[in-house]
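Reader: I have a model open and want a quick tour. Can you walk me through it?

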Amino acid sequence: MTSAPRAIIDHAALRHNLKRVREAAPTSRIWAVIKADAYGHGAAEVASSLRVEGLAIARLDEAQRLRATGEHRPLLIMSGVYSRASLAQAAELGCELALHDAAQAQMVEQAGAAPPLRVWLKVNTGMNRLGLAPMEAARWLVRLTGCTGVQGRPGLMTHLANADDPADPLSEIQCQRLRTLPGADTCPLNIGNSAGILGCAAARNDWVRPGIMLYGVSPFIGESGERRGLRPVMTLRAPLIAINHCQRGDRIGYGGSYRCPEDMAVGVIGIGYGDGYPRHAPAGTPVLLGGRQAPLIGRVSMDMITLDLRGLPAARLGEEAVLWGQGLPVEEIAAAAGTIAYELLSGVTIRVAREHID
């Protein structure tokens with residue numbers, strides 16, 4: 001018996017979820033978002049399974065690692081670069097760049113990168129995080145068109161702030177702000193994130209950028225991916241490494257935060273916050289063991305969690321528990337822990353082995 005947890009990465013589910021993107025946005029080209037090591041799933045392996053027109057990452061170092069694997073498709077660095085040296089590296093790697101402020105745009109204009117780059121002007125249409133003001137973006141669109149360091153006509157992109165709530169009108173407003181920008185009718189447009197793809201028709205333009213939905217998670221508030229026809233890609237599993245027969249009144253774990261209400265079996269699962277399981281998951285958070293749910297009790301520690309096994313008399317040592325994934329949506333665990341599925345998936349640590357299956 002091993003005490004090590006493992007993350008099973010289901011590539012058939014990944015391709016199924018990509019098909020859902022194609023169904024929702026049939027005329028759009030796709031930037032598959034694989035930043036943060038493909039949300040913890042393994043960027044190189046995920047990229048190899050996805051038949052898409054391009055791959056989107058956040059930073060130059062992510063692009064370097066992908067090119068080192070032999071990846072040849074277009075790579076979009078969504079945060080851009082911040083120095084002449086990084087700009088030269090991005091050009092050498094054949095990357096496309098998002099330009100979110102005047103300093104980045106001016107750097108491209110003055111550098112005359114060889115080979116020239118394709119660029120996307122990121123416009124602040126309401127997120128108020130990164131992006132050029134709309135009229136500033138329009139001016140840079142004119143300046144960069146025909147610039148020796150820029151390949152072709154710059155594209156326009158924006159990021160939707162509240163698309164996880166389909167009832168919020170801001171998404172439509174943001175799309176309208178981008179589409180009515182002077183010159184936008186002659187540029188490729190790049191708007192839809194996962195929530196925009198599924199919930200906002202105006203966000204389905206020349207390009208879309210699916211992220212979380214590729215991994216089987218719903219981008220909408222208060223629901224799981226299954227409701228949207230998505231399948232979980234990561235199933236996080238860990239073994240039952242001990243069964244303790246505790247007495248009424250015994251206290252469990254650090255701080256003794258759980259007191260046994262009666263004589264009971266307590267299971268110990270070999271996973272903890274050192275592996276990426278959320279430390280603040282409260283008592284009652286479900287864990288799947290033998291196809292049935294058992295509640296978490298006591299505090300999450302670095303390497304272990306403890307379960308109430310009163311409802312599972314047949315539990316046996318070595319049996320693997322599911323912490324999230326197939327049969328137990330990661331959205332449910334995230335809600336219990338007061339966080340989001342994005343954080344849980346991308347937070348699975350390096351000591352958890354990824355096993356890729358098809």
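Author: A definition first: buried means under 20% relative accessible area, exposed over 50%, and partly exposed in between, with a 1.4 Å probe and protein chains only. By that scale Glu109 is partly exposed, at 24% relative accessibility. One caveat: this is a predicted model, so local features need pLDDT of at least 70 and side-chain atom pairs count only at pLDDT 80 or more, while totals for chains, interfaces and linings use all residues. Residues are numbered from 1 along each chain as its sequence is written, and side-chain values use heavy atoms, with hydrogens and water left out.

Reader: Where does Glu109 lie?

Author: In helix H6, residues 102-111. Helices here are DSSP runs of H or I with at least four residues, strands are E runs of at least two, and both are numbered from the N terminus.

Reader: And what is Glu109 in contact with, leaving aside neighbours within four places in sequence?

Author: Trp140, Arg143, Leu144 and Cys147. Contact means heavy atoms within 4.5 Å. With Arg143 there is also a side-chain to side-chain polar contact of 2.7 Å. A polar contact is a pair of N or O atoms within 3.5 Å; within protein, one must be able to donate a hydrogen and the other to accept it, and residues adjacent in sequence count only if both atoms are side-chain atoms.

Reader: Zoom out. How many helices and strands in the protein?

Author: 11 helices and 18 strands. The C-alpha trace spans about 75 × 40 × 35 Å along its principal axes. Of the 358 residues, 53% are buried.

Reader: What share of the contacts with a separation of 6 or more is between residues 24 or more positions apart?

Author: 63%.

Reader: Pockets next. How much space lies in the largest pocket?

Author: About 1100 Å³. The search uses a 1 Å grid over the protein atoms alone: a pocket is an open set of points with protein on both sides within 12 Å along at least five of seven lines, a cavity is a set where a 1.4 Å probe fits but cannot get out, and lining residues have an atom within 4 Å of a point. Points are joined across faces, edges and corners, and a volume is the space filled by probe spheres set on them.

Reader: Which residues lie nearest the centre of the largest pocket?

Author: Tyr39, His159, Ile212, Ile340 and Tyr342, from a lining of 40 residues. Helices H2 (35-40), H9 (194-199), H10 (330-337) and H11 (341-346) each give two or more residues to that lining. H11 has the largest share, with 4 residues.

Reader: How does the lining of the largest pocket divide by class?

Author: Into 22 nonpolar, 9 polar and 9 charged residues. Ala, Val, Leu, Ile, Met, Phe, Trp, Tyr, Cys and Pro count as nonpolar, Asp, Glu, Lys and Arg as charged, and the others, Gly among them, as polar. The second largest pocket has about 310 Å³ of space. Its 24 lining residues include Glu226 and Leu230, which are among those nearest its centre.

Reader: What lines the largest cavity?

Author: Lys122, Val123, Asn124, Met127, Arg129, Leu130, Thr158 and His159. The space there is about 40 Å³. The structure holds 1 cavity of 30 Å³ or more.

Reader: Thr158, then. Buried or exposed?

Author: Buried, at a relative accessible area of 0%. Thr158 sits in the loop between strand E7 (155-157) and helix H8 (170-179). The Thr158 side chain reaches the backbone oxygen of Val123 at 2.7 Å, and a polar contact of 2.8 Å links it to the side chain of Thr125.

Reader: How many disulfides?

Author: 0 in the whole structure. The cut-off is a pair of cysteine sulfur atoms within 2.5 Å. Cys260 is in no disulfide either; the nearest cysteine sulfur, that of Cys246, is 4.7 Å away.

Reader: Last one. What is phi of Ala36?

Author: Near 50°, a positive value in a residue other than glycine. Most residues other than glycine have a negative phi. Ala38 has a positive phi too, near 55°. Ala36 is partly exposed at 40%, whereas Ala38 is buried at 0%.
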